[in-house]
Amino acid sequence: MKSILRNFLFVLNRFKTSSVLNIIGLSAAFLAFIVILIQVNYDFRYDRQFKHGDEIYYLTINSINGRFLTMPTTMGQEIADKFPEVKSHCLIQNSNSSNLFVDVLDNKGLKRKLSITITLVTAGFLDVFTPEIVEGTTQGIFARQGIGLITEKEAKKLFGNTSPIGKTVYYHSSKRFYNNQTTNSVTIQAVCKDFPDNCSISNGIFILLPNDSQANYSYYGYFVVGKKDVDKLSVGLNSEKLFGKEEWQEMQKSDRKLKVELTPLHEVHFEFERGRLITTLSLLLIGVLTLFIAYINFMNFAIAIAPTRVKSFNIQRIIGASTFKLKWTIASEAVFFSAIAFFISLCCISLLKRSVLSNYFPAKMSLLGNWELLLLIGISSLVFALFFGWYPTRYIASFQPAMALNGSFSLSRKSVKLRNSLIFIQFLAATTLIIVALSIQRQTDFMQRQPWGIEKDNIVYLYLGDSNINMHTFGEELKRDPRILDYTAADALPGHIGTIWTRTFDGKSVQASIWTVQTNFLDFFGIQVTDGRNFAPQDSARSKHAIIFNENFLYKNRLAKEIIGKPFEGYDENLTIVGISKNVNYSSLKDSIQPMGFATLDDRFMNWLFIKLSKDDVPGGINLIQKTWKNYSDDDCDIKFLDETLEKLYKNETNLAKLISAFGLVTILIAVMGVYGLVIFNTKSREKEIAIRKVNGASIAEIMLLLNSNILILLLLSYVAAIPISYYIVTKWLQQFAYKAPITWLIVALTGLLIFIVTVATVSLNSYKASSRNPVKSLKAE
Amino acid sequence: MIKIESLKKVFRTEEVETVALNSISMQVAKGEFVAIMGPSGCGKSTLLNILGLLDNPSSGHYFLDNTEVGDLKEKERTQTRKGNIGFVFQSFNLIEEMTVYENVELPLTYLKVKASERKQRIEETLKRMSISHRANHFPNQLSGGQQQRVAIARAVIANPKLILADEPTGNLDSKNGKDVMDLLTELNREGTTIVMVTHSQRDADFAHRTINLFDGQIVIETENLL
């Protein structure tokens with residue numbers, strides 16, 4: 001062991017350049033690899049950590065026109081009653097804003113306002129998600145309202161170190177479902193362990209979700225079913241048994257074709273968060289690639305310095321050292337390098353985790369929390385290290401000791417070939433990564449530049465869903481100030497229109513996303529009405545509610561503008577179709593524009609208040625809103641800019657582009673470092689040759705060409721090979737978008753230029769030194 | 001001590017076949033000092049490598065102390081070499097990352113000699129080679145003559161019965177060259193068998209007998225009358 005360590009210290013000292021480059025390269029690669037693997041682990045273990053993890057299924061109803069993610073409370077109970085395969089079930093409220101402010105009384109009786117998630121669940125919650133109780137009892141906890149279960153950390157936030165059992169918090173229920181705000185109380189009866197970050201359940205307080213109307217399709221349904229019973233249950237759910245004969249037949253009509261589907265809970269994360277799986281898999285691939293490239297570098301360096309080591313290896317062999325032991329000593333260098341790099345990367349992660357990394361990765365970059373994963377990476381890196389360390393070792397040991405002692409010698413042809421192919425692979429990977437990253441970046445820019453068809457500048461919005469504020473009083477007061485131009489309200493933000501109505505209209509089943517809006521909404525956002533009329537103030541009156549469809553609604557349902565004036569079925573009333581509007585993007589630009597309608601319904605649906613500010617004094621306008629808000633509510637005034645929110649719709653893509661670019665640069669950096677190191681060794685071993693050539697009349701340029709040509713040929717070959725590969729990847733990736741930025745040659749050319757310049761600069765820097773050296777010095781040195 | 005019979009060594013590459021040694025037979029008695037001479041490429045070093053068990057002959061027999069060693073495997077050769085054969089090279093072949101002391105120590109560590117005994121033996125040997133004062137230096141800090149003395153120290157430290165020297169004075173000036181030859185002669189007087197390859201007639205004169213090689217064959221053998 002002592003001799004192994006000694007040998008490593010000698011290598012560090014004797015081959016300083018390659019050692020430093022090796023350590024930097026491997027550290028950067030490990031940093032990327034570990035961060036990515038923590039994220040991948042987070043994603044792949046999403047929703048898998050429940051006790052019944054594999055047996056929990058999420059129920060959705062699919063139709064030709066889309067997928068219903070929610071169901072009414074009665075349906076959950078009905079399924080459980082009719083099908084013995086269901087072991088337990090739970091419904092959870094689907095709420096846009098589950099973050100509520102609660103009042104907590106501290107020990108002096110003072111009221112404090114804190115934000116917490118309150119989730120409404122049915123009694124089956126305990127059986128389905130099996131919270132681990134640490135204090136109190138769950139006896140009868142979801143049998144009646146007013147008592148609840150809280151997770152550990154949130155309990156600490158609300159009550160500090162005192163026991164939360166028996167404590168009461170007060171919250172204001174949304175005016176959305178009650179016409180007047182009411183104050184409710186919850187008394188904590190039990191505390192459970194926190195749920196992990198990577199699961200569908202948010203930490204906070206859980207209270208009873210009472211039976212609701214059969215028409216309220218607002219709840220997520222989860223069912224625990226034995227694995228072997230799933231198929232049987234699936235057949236049963238898609239039959240008359242659940243829906244009754246008449247409704248079932250109605251559901252199977254050609255324009256609906258409803259089908260009940262059970263999705264394993266742990267698949268929901270990837271299936272419903274679009275792009276997540278692609279992102280995760282691309283990251284995984286990049287991580288592996290980066291590490292691979294760093295190890296290739298390691299191997300390249302080891303092969304490059306091999307000739308200088310053959311001699312000492314063989315002297316030791318002649319004197320009597322065992323070949324096996326010598327081999328181990330050299331192979332172990334890779335292990336040391338890996339270990340050092342691994343350690344450095346861990347230090348970097350703990351330094352960066354709060355600042356940089358948390359912006360890009362939802363997973364917590366906790367080293368302790370991921371120790372099992374880190375251990376696994378550590379062990380496999382040892383295996384990698386031995387694998388990549390073995391070839392140079394075998395190479396060094398492959399010479400007959402007697403031959404090895406006869407002066408200097410260069411690399412065998414086979415090794416040069418191997419080394420060249422390794423450099424080729426490095427450049428190929430780096431070039432591909434950069435082209436892909438630039439293309440993703442371009443697509444993101446393209447989407448952000450696409451017109452939404454609505455105005456979005458200088459518009460801010462507020463959530464009113466939980467407050468008691470009358471939006472008209474509030475809005476009119478604001479409008480008295482010249483800094484506020486106008487206000488309007490809607491049930492959802494652009495990009496988050498979730499309500500889909502399926503109705504029978506004109507004898508056929510039609511479907512449209514419905515955006516519930518104030519009558520001035522279209523004017524406010526500059527949306528054109530092409531036929532019929534815009535909303536008028538009287539359309540807001542109950543029983544006079546109106547609807548305006550977009551052009552795609554006509555087109556997709558093969559209807560004509562003659563539908564104007566006809567009634568259209570709403571929730572519990574008929575709306576009048578008053579006009580047709582231009583198509584506007586109401587969802588992400590990943591999707592093409594679908595049939596959609598603006599509807600004027602009761603004010604109680606209007607969760608969001610939009611305010612248009614004068615562009616002359618935006619900060620002043622914001623100030624005014626905040627000041628005015630204080631007169632209406634104790635809660636914080638959470639103002640957001642619409643354009644920023646819309647950009648966030650592409651956060652996934654923007655992040656992915658940034659990450660791939662970053663890793664692409666790391667890869668290039670490692671590859672270029674590798675080339676740099678190789679050129680140093682190359683020039684060194686050819687010093688004499690260079691000198692002789694110069695003595696015989698070669699110019700500096702000719703010498704440089706001689707030294708660089710090999711690398712440049714490899715660069716060119718890898719570049720040519722990278723073009724079709726990256727073209728394929730980008731085309732595949734773009735398939736998920738409705739609006740695609742075309743692939744451009746500019747990116748390909750730019751990437752080529754970038755890599756060419758960086759490489760040539762690196763190589764020339766070194767070879768210039770060698771070729772401009774006085775030849776007499778090199779000849780003398782021998 | 002050494003007996004070789006019809007020893008042949010052929011090097012083959014894809015295109016050419018080179019006969020380096022062509023049916024050589026010779027003997028070296030215990031305690032003898034033999035010089036091998038001949039022009040470049042005549043097979044001197046090949047012969048020495050085979051004698052030193054660094055290489056196997058293509059055919060023929062090699063008996064070392066009456067044991068056939070011509071067809072040993074790599075591992076067995078290492079085993080036989082250990083402690084029995086010492087090497088001195090023209091280019092010294094010291095390990096540059098080790099000090100003089102450590103270079104000399106190397107064979108003893110492979111023979112698993114105890115640390116206390118090693119220290120004593122190394123000190124004695126270095127003293128004898130007059131380089132004790134350089135024990136903690138690295139090879140590149142020494143002159144050629146000093147380096148060769150270290151190499152000889154390393155060759156004799158394990159008390160081998162046989163020392164093989166490949167042009168030991170080739171890289172040295174005449175004064176240092178003579179010192180090295182004196183050292184070898186002294187070792188030989190103490191009973192060590194020595195086989196030395198050389199270009200120098202002056203060096204060859206130190207030996208008891210000179211074997212002249214030409215194109216892989218022994219052409220003349222001369223006894224030196226001292």
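Predicted model: local features only at pLDDT ≥ 70, side-chain atom pairs only at ≥ 80, totals over all residues.

User: Which residues touch the most other members of the largest nonpolar core?

Analyst: A:W515, A:F521, A:F525, A:F598 and A:F610 do, in a core of 93 residues. A nonpolar core is a set of buried Ala, Val, Leu, Ile, Met, Phe, Trp, Tyr and Cys residues joined through side-chain atoms within 4.5 Å. Buried means under 20% relative accessible area, exposed over 50%, partly exposed in between (1.4 Å probe, protein chains only).

User: Which helix gives the most to this core?

Analyst: Helix α2 of chain A, residues 16–44, with 13 residues. Helices (H or I, at least four residues) and strands (E, at least two) are DSSP runs, numbered from the N terminus.

User: What is A:F525 in contact with, beyond its neighbours within four places in sequence?

Analyst: Its partners are A:G453, A:I454, A:E455, A:I459, A:T488, A:F610 and A:L642. Contact means heavy atoms within 4.5 Å.

User: And what is in the second, separate core?

Analyst: That one has 40 residues, including A:I150, A:I188, A:Y219 and A:M251.

User: Switching topic. Is A:R449 buried or exposed?

Analyst: Exposed, because its relative accessibility is 63%. A:R449 lies in helix α14 of chain A, residues 413–449. A:E647 is 198 residues away from A:R449 in sequence, yet the C-alpha atoms are 9.8 Å apart.

User: Now the interface. How much area do chain A and chain B bury between them?

Analyst: About 1,700 Å², 56% of it on carbon and sulfur atoms. Buried area is the accessible area (1.4 Å probe) that two parts lose on being put together, summed over both. In chain A, A:I315, A:I318 and A:I319 lose the most area to chain B, together 30% of what that side buries.

User: How many residues does each chain put into the contact?

Analyst: Chain A puts in 17 and chain B 20.

User: How many salt bridges cross the interface of chain A and chain B?

Analyst: Zero by the rule, which asks for a side-chain nitrogen of Lys or Arg within 4 Å of a carboxyl oxygen of Asp or Glu.

How values were computed
Residues numbered from 1 in each chain as written. Chains lettered and ligands numbered in written order. Heavy atoms only, no water.
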